[in-house]
Amino acid sequence: MRAKEPFACAPAMRLEAHERVSKLQIDAMNDKFARIELLMERLEKRLWLTVYGVAGVILAEAFQSLINTAP
């Protein structure tokens, strides 16, 4: 006696296809989030470098003005 093969009906096939498409979309979205997070980290490093650079210039100018005004 032969075992019956599962019957593939259209709604079940459509549901499986939808699940595969949803998984692909979620994976793509997670990849985009990871790239955005990496870009934000790089931007944050650049921002801090800029802040420290500006602070350094201000301190250097203040120090230079103190040296110039000292007798």
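How many salt bridges does a search of the whole structure find? The search finds 1, a salt bridge being a side-chain nitrogen of Lys or Arg within 4 Å of a carboxyl oxygen of Asp or Glu.

Before selecting anything, note that this is a predicted model, in which local features need pLDDT of at least 70 and side-chain atom pairs count only at pLDDT 80 or more, while totals for chains, interfaces and linings use all residues. Residues are numbered from 1 along each chain as its sequence is written, and side-chain values use heavy atoms, with hydrogens and water left out.

Start with the whole chain. It holds 1 helix and 0 strands (DSSP runs, numbered from the N terminus: helices are H or I of at least four residues, strands are E of at least two). Of its 71 residues, 0% count as buried (buried is under 20% relative accessible area, exposed over 50%, partly exposed in between; 1.4 Å probe, protein chains only). The chain exposes about 7300 Å², with 68% supplied by carbon and sulfur atoms (Shrake-Rupley method, 1.4 Å probe; for residues, only the protein chains shown count as cover).

Next, select lysine 23 and aspartate 27. Their closest N and O atoms are 2.9 Å apart, forming the salt bridge. Both residues lie in helix H1 (residues 10-69), 4 residues apart, about one turn of the helix. Lysine 23 is exposed at 51% relative accessible area; aspartate 27 is partly exposed at 32%.

Then select Ile26, Met29, Phe33, Ile36 and Met40, a nonpolar surface patch with about 500 Å² of accessible area together. Patches take residues with over 30% relative accessible area and no salt bridge, joining like charges within 9 Å and nonpolar side chains (Val, Leu, Ile, Met, Phe, Trp, Tyr) within 5 Å. Finish on phenylalanine 33, in helix H1, which is partly exposed at 48% relative accessibility.
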